[in-house]
Amino acid sequence: MTRFVVRRLISMVLVLFAISVLTFLIFQVIPNGDPAQRMAGRLSTPETVAAIRRTWGFDQPIWQQYLTTMKKIFSGEVISYTQQVNVLDQIKQDLPATLSLAIGAGIIWLVLGVLFGLLSAIRAGRFTDRALTVLALVGVSTPVFLLGAVALYFLAFRVQLFPNGGYVPLTSDPPQWLYHMILPWLVLSVLFIGIYSRVLRSNLLDTMNEDYVRTARAKGISERRVLLRHVLRNSLIPIVSLWSLDFAAVIGGGAILTESVFNLHGVGQYAAESIAQLDVPPVMVVVMFGAFFVVVLSAVTDVIFALLDPRIRLT
């Protein structure tokens with residue numbers, strides 16, 4: 001177990017380092033990506049641009065600029081080039097909305113994905129299986145922004161069953177927080193529910209033909225216990241892996257479209273605005289933030305694998 005933890009820590013550091021370097025270099029080679037020119041404005045003089053380069057250190061070598069940027073990130077003093085605000089403070093302000101969206105939607109798509117996948121496997125080839133298959137394909141094929149726009153139009157503007165976007169903090173008004181988050185949760189979950197249900201259905205059908213499942217039935221164990229204890233338990237391993245990566249990606253800005261459609265002002269929306277302005281510090285912080293969650297949840301997933309399947313051992 002100790003060796004596993006040490007290897008994970010080393011790999012996490014290497015992954016974060018590689019991602020930070022690549023992200024920084026990408027913005028250096030983008031055409032018209034000179035931050036000094038953007039900060040000075042279109043009508044600026046060469047003297048003004050040169051002064052900004054000296055003040056912000058843009059005249060230094062690339063490796064020196066990278067080290068300076070990383071030092072500011074880890075010290076909490078990184079400043080946005082365009083908005084002139086502390087990036088970490090802005091992310092702390094936007095993070096509650098993103099966490100609310102990710103946690104609620106993550107629970108919904110995991111529960112419904114497992115439930116629909118289980119029903120499809122049990123009723124394989126029947127009407128229930130075919131109906132859930134059609135719904136899954138429709139959910140996977142429908143873009144999030146289109147589904148969100150349609151949901152807002154019919155459920156917020158026409159019927160006025162839900163609010164037309166915005167975020168209310170949980171600490172200020174829990175009922176309003178729940179009321180504002182239900183629609184974004186459902187819209188973000190649709191895609192993942194379709195994917196998870198199809199993956200789980202395929203795994204369940206394959207697992208049902210395994211030798212240990214037939215042996216369990218031959219011993220007289222009830223079909224319900226065989227399905228839940230032996231078949232479903234082992235079939236959940238890829239689902240847990242998918243969920244951890246998808247959940248981390250959503251927290252790290254993977255729900256940009258959902259946050260933008262419902263105007264939640266989360267981390268993803270902040271990252272999208274920073275990318276549009278070619279603002280390097282916010283993008284680097286958000287990317288590393290998301291990568292950190294992916295690596296950590298990946299390690300936690302390996303531990304859960306060992307609990308779900310005793311044949312898996314951490315070495």
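Let's start with Phe-17, which is partly exposed at a relative accessible area of 48%. Here, buried means under 20% relative accessible area, exposed means over 50%, and partly exposed is in between (1.4 Å probe, protein chains only). Tyr-66, with 12% relative accessibility, counts as buried.

A search of the whole structure turns up nine aromatic pairs. Rings of Phe, Tyr and Trp (its six-membered ring) pair if their centres lie within 6.5 Å; planes under 30 degrees apart are stacked, over 60 edge-to-face, and the rest tilted. Phe-17 and Tyr-66 make an edge-to-face pair, 6.4 Å centre to centre with 80° between the planes. Ring pairs also link Phe-17, Phe-24 and Tyr-66 into a cluster.

## How the model is read

This is a predicted model, where local features need pLDDT of at least 70, side-chain atom pairs count only at pLDDT 80 or more, and totals for chains, interfaces and linings use all residues. Residues are numbered from 1 along each chain as its sequence is written, and side-chain values use heavy atoms, leaving out hydrogens and water.

## The nonpolar core

What about the inside? A nonpolar core is a set of buried Ala, Val, Leu, Ile, Met, Phe, Trp, Tyr and Cys residues joined through side-chain atoms within 4.5 Å. The largest one has 39 residues, and Leu-101 and Trp-109 are among those with the most contacts inside it.

Leu-101 touches several residues beyond four places away in sequence, including Met-181, Trp-185 and Leu-188; contact means heavy atoms within 4.5 Å.
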